[in-house]
Structures are given as C-alpha cells and as structure tokens.
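Here are my notes on the model you sent over.

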Amino acid sequence: HHPTPSTTIFETMAGAEEEGAPEIMHASDLWENVAPKQITLRLVMELSLTQGELREYDALPADGALERVRALKTLHLQWQGVSEIAGLEPFESAEVLYLQANRIERIEGLESLPRLQFLALQSNRIATVENLLCL
C-alpha cells in the first residue's frame, strides 16, 4: 500500500495494520511477562548516581552512605518495571522523582517525600489520580 498524494496519514497507518505491522504498544506493556521490580535503596542509587558518584558512595562508611541517600535530590526509576511506589522513606530530600514507563497502578507512598516538586508518572497503569494531597 503506497501512499498517493491524496492519502492521509491515517489511511496510511490503517494500511500498515492490514499488512501485519506491529501494533503500537503502551510502555507499561513491555513488563507484561517480567516479574515486577521493587524499589530498593541500591536500585535508586545505581540509577540516580553517575558511575564515579556510585564508586564514591560504595566507599563511604554506613553513616556517610545514609547521609548521601538522605541528600539525594533527583531519583531516577524510569523504565524499570516497578509496580509499586514504596521504599522511598530514606530519600527525604528528593525534589524530583522519575517513575515513567513502569507498571504502577496506584499513586501511593509519597508521604515521605516532603520536598517533592516534580513527579513523572506517564506511561504507567494508573486509572485514578489520588493520594497527592501530601505533596
């Protein structure tokens, strides 16, 4: 099916479907056959720090490491297959939280982030916007 000058983009797309082109998926569908991932302190640190910062963090004594966790302002957890917002209590200084393209169904667990200013939740499985009054 080759577009003619009068063919619209929608007609072209419809033709592509007929020819067995892959269906456009929702990002959360990528996790369909994968076990859900839980948010852990280690996961947040590995995704939110540069390699050099992570090496420095790993070399810190326990109290220094906890201080570094508490001071982290931006948390990266996008594209991880996370199904639940939980375990963020240590990150009390977080101002930015990236959680897009996961498999989250409920907005919850944000009470422990009093400084949160930016929350990215697009491409999840959230049906109801709720539990945001704490922000």
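The points below start with the overall layout, then turn to the core and the salt bridges.

1. First, some ground rules. This is a predicted model, so local features need pLDDT of at least 70 and side-chain atom pairs count only at pLDDT 80 or more, while totals for chains, interfaces and linings use all residues. Residues are numbered from 1 along each chain as its sequence is written, and side-chain values use heavy atoms, with hydrogens and water left out.

2. Layout. The protein has 4 helices and 3 strands, and along the sequence they come in the pattern α-α-α-α-β-β-β. Helices (H or I, at least four residues) and strands (E, at least two) are DSSP runs, numbered from the N terminus.

3. Surface and burial. The accessible surface comes to about 8700 Å², and 54% of that belongs to carbon and sulfur atoms; these areas come from the Shrake-Rupley method with a 1.4 Å probe, and for residues only the protein chains shown count as cover. Of the 135 residues, 33% are buried. Here buried means under 20% relative accessible area, exposed means over 50%, and partly exposed is in between (1.4 Å probe, protein chains only).

4. The core. The largest nonpolar core holds 25 residues, and L88, F91 and L97 have the most contacts inside it. Each of α2, α3 and α4 supplies at least two residues of this core, with α2 giving the most at 3 residues. A nonpolar core is a set of buried Ala, Val, Leu, Ile, Met, Phe, Trp, Tyr and Cys residues joined through side-chain atoms within 4.5 Å.

5. Contacts. What does L97 touch, leaving aside its neighbours within four places in sequence? Its partners include L75, L77, L88, L110 and F118. Contact means heavy atoms within 4.5 Å. Across the protein, among contacts between residues at least 6 apart in sequence, 36% join residues at least 24 apart.

6. L43, V44, M45 and S48 are buried in α2. The buried residues of this helix pack against α3, α4 and β1.

7. R42 and E46 form a salt bridge, with their closest N and O atoms 2.9 Å apart. A salt bridge is a side-chain nitrogen of Lys or Arg within 4 Å of a carboxyl oxygen of Asp or Glu. E46 and R42 are separated by about one helical turn because they sit 4 residues apart in helix α2 (residues 41-48). Both are partly exposed, E46 at 39% relative accessible area and R42 at 34%.

8. R42 again. The side chain of R42 also meets D58 in a salt bridge (2.6 Å, N to O). This pair links distant parts of the chain, with D58 in helix α3 (residues 51-59) and R42 in helix α2, 16 residues apart. D58 is partly exposed too, at 44% relative accessibility.

9. K73 is partly exposed at 43%, as is E95 at 24%.
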